[in-house]
Amino acid sequence: MYRNFSIVPKIMFGRGSFNQLAEVIAPERVTPGSYFVFVLDDIFIGKPLESRIPLEKGDLLLHVNVDDEPKTSYIDALVQQIKQYNEILPDGIVGIGGGSTMDIAKAISLLLKNPGSSADYQGWDLIEIPSVYHLAVPTLAGTGAEISRTTILTGPEKKLGINSDYTLYNQLILDPELIAGVPKDQWFYTGMDCYIHDVESLQGTFINEFSKSYGEKSLDLCRQVFLDDHPDKDDKLMMASYFGGMSIAYSQVGACHALSYGLSYVLGIHHGIGCCIAFDVLEDIYPDGVAEFRQMMKKHDIQLPKNITADLGNDALELMVTTALNLVPLWENCLGSDWKNLMTRERCKKLYLRM
Ligand code: NAD
Ligand code: ZN
């Protein structure tokens with residue numbers, strides 16, 4: 001069976017395109033007495049970007065904190081905050097930030113319409129009511145969250161996305177100027193998330209010409225960004241992220257992402273850096289990708305944390321292994337239908353112990 005999937009319908013790309021935000025959302029301001037909510041990463045408080053947000057009377061500027069990756073409890077609290085602010089629903093949500101903020105804005109737009117807790121919808125196609133209009137403005141490039149049909153949340157029982165067609169953004173504004181000020185380490189980790197999406201998609205058993213076309217272009221752009229020197233590297237990374245997201249939309253990620261979920265669930269390690277730590281021990285599975293990744297690390301003088309699992313008790317380690325191995329489609333994509341014999345609990349544990 002072939003999947004029939006939606007993609008983001010409207011996209012604006014270019015340096016300074018953020019200046020057109022007001023005119024892009026103007027046609028969406030349709031309900032009398034309604035307003036827009038601007039979900040802004042609190043790292044931008046007092047920064048020039050904040051003062052460029054086209055707030056109109058009645059709009060809500062909602063600062064969000066992403067020191068921890070988004071939790072369902074946080075989403076539920078933010079939705080309550082908006083409902084208390086105004087009993088009318090907003091006409092739209094604008095998410096401005098990295099993958100975490102873009103995921104928060106997606107989840108808010110879904111939960112404003114769908115009753116209950118965001119934790120109730122972690123899974124596939126559990127959302128029944130279309131979301132509020134939502135628009136993303138990425139300030140970091142790599143995750144592909146701008147283009148994906150999921151918002152990844154950590155809930156009381158699991159870390160799992162709300163996957164649905166309604167999760168998809170209605171509009172993107174991709175302005176490469178906005179990623180210029182990202183600290184180098186963060187820029188590298190989030191960029192490598194994209195590089196790893198490409199390697200895992202291209203080397204996976206689910207690969208097809210659709211995913212290959214996007215994945216190869218994304219990989220080529222990543223090489224230009226991380227191995228060459230380009231004045232327009234921010235433009236390139238923004239498009240690499242988008243193409244990488246499109247590639248995995250019709251294939252799947254693999255071993256590295258499965259292992260990074262375990263690191264995140266048990267140790268709270270963030271997605272980008274977690275993927276880098278996991279990828280660095282996967283030379284048996286992705287020999288060419290890992291060699292090139294190490295070349296990129298060297299070029300940008302990146303030191304990964306070491307011995308992060310050294311002090312873990314056996315129970316925590318076992319939980320990590322279980323979390324990783326539960327991600328069946330990722331392993332199937334990576335190692336094929338015989339994956340359970342190839343990635344035993346013992347082998348998985350050994351990989352974690354090397355991190
Ligand atoms: P992030 O959004 O977690 O941000 C990382 C850090 O960078 C934060 O401290 C943030 O404040 C800061 N930051 C953001 N923009 C900045 C800028 N322009 N200048 C300076 N600092 C800036 O990082 P990320 O790697 O983009 O996103 C990771 C998140 O994305 C995780 O929560 C992960 O689960 C999620 N994710 C989602 C998808 C999806 O398809 N929905 C895919 C991959 C990852
Ligand atoms: Zn990723």
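**Notes on the predicted model**

1. I begin with helix α9, in which H271, G272, I273, G274, C275, C276, I277, A278 and F279 are buried. The model is a predicted one, and in it nine of the nine residues of α9 (residues 271-279) are buried, so this helix is largely enclosed by the rest of the structure. The cover over these buried residues includes α5, α8 and α10 (287-299).

2. Helix α8 (residues 255-267) is mostly covered as well, with 10 of its 13 residues buried; among them are C256, H257, L259, Y261 and L263. At 1.5 Å a residue, the 13 residues of α8 should span 18 Å, and the C-alpha atoms at its ends are 18 Å apart, which agrees. Just after α8 comes G268, which takes a positive phi of about 70 degrees.

3. The domain assignment of the chain gives domain 1 (10-179) and domain 2 (184-353), and their centres, taken over C-alpha atoms, are separated by 26 Å. Where they meet, 25 residues of domain 1 are in contact with 21 residues of domain 2, and the two domains bury about 2000 Å² between them, 64% of it on carbon and sulfur atoms. The count of salt bridges between domain 1 and domain 2 is one.

4. The largest nonpolar core has 95 residues, and those with the most contacts inside it are I108, F188, Y195, L259, L282, W331 and Y352. Helix α5 (residues 184-202) gives the largest share of this core, eight residues. Both domain 1 (10-179) and domain 2 (184-353) contribute residues to the core, so it lies between them. Leaving aside neighbours within four places in sequence, I108 is in contact with V39, L62, I75, L78, V79, I82 and I93. A second, separate core of 18 residues includes F38, F44, V137 and I173.

5. The salt bridges in the model come to 18, and one of them joins the side chains of R15 and D235 at 2.7 Å, N to O. Another pairs K212 with E216 at 3.9 Å, N to O; these two residues are four apart in helix α6 (residues 209-227), and are therefore separated by about one helical turn. K212 is partly exposed, with a relative accessible area of 31%, and E216, at 42% relative accessibility, also counts as partly exposed.

6. Which parts of the chain does the pair of D229 and K299 tie together? The side chains of D229 and K299 meet in a salt bridge at 3.4 Å, N to O. D229 lies in the loop between α6 and α7 (233-249) and K299 in helix α10, so the pair ties together parts that are 70 residues apart in sequence. D229 is exposed, with a relative accessible area of 66%, whereas K299 is partly exposed at 37%.

7. R354 and E283 also meet through their side chains in a salt bridge, at 3.2 Å, N to O. Because R354 lies in the segment after α14 (345-353) and E283 in the loop between α9 and α10, this pair ties together parts that are 71 residues apart in sequence. Salt bridges that share partners join D280, E283, R294, K306 and R354 into one network. Within it, R354 is partly exposed, with a relative accessible area of 47%, and E283 is partly exposed, with a relative accessible area of 24%.

Conventions: Residues numbered from 1 in each chain as written. Chains lettered and ligands numbered in written order. Predicted model: local features only at pLDDT ≥ 70, side-chain atom pairs only at ≥ 80, totals over all residues. Heavy atoms only, no water. Core = buried A, V, L, I, M, F, W, Y, C linked by side-chain atoms within 4.5 Å. Buried < 20%, exposed > 50% of the residue type's maximum accessible area, 1.4 Å probe, protein only. Domains from an automatic or database assignment. Contact = heavy atoms within 4.5 Å. Expected span 1.5 Å × (residues − 1). Buried area = accessible area lost by both parts, 1.4 Å probe. Salt bridge = Lys/Arg side-chain N within 4 Å of Asp/Glu carboxyl O.
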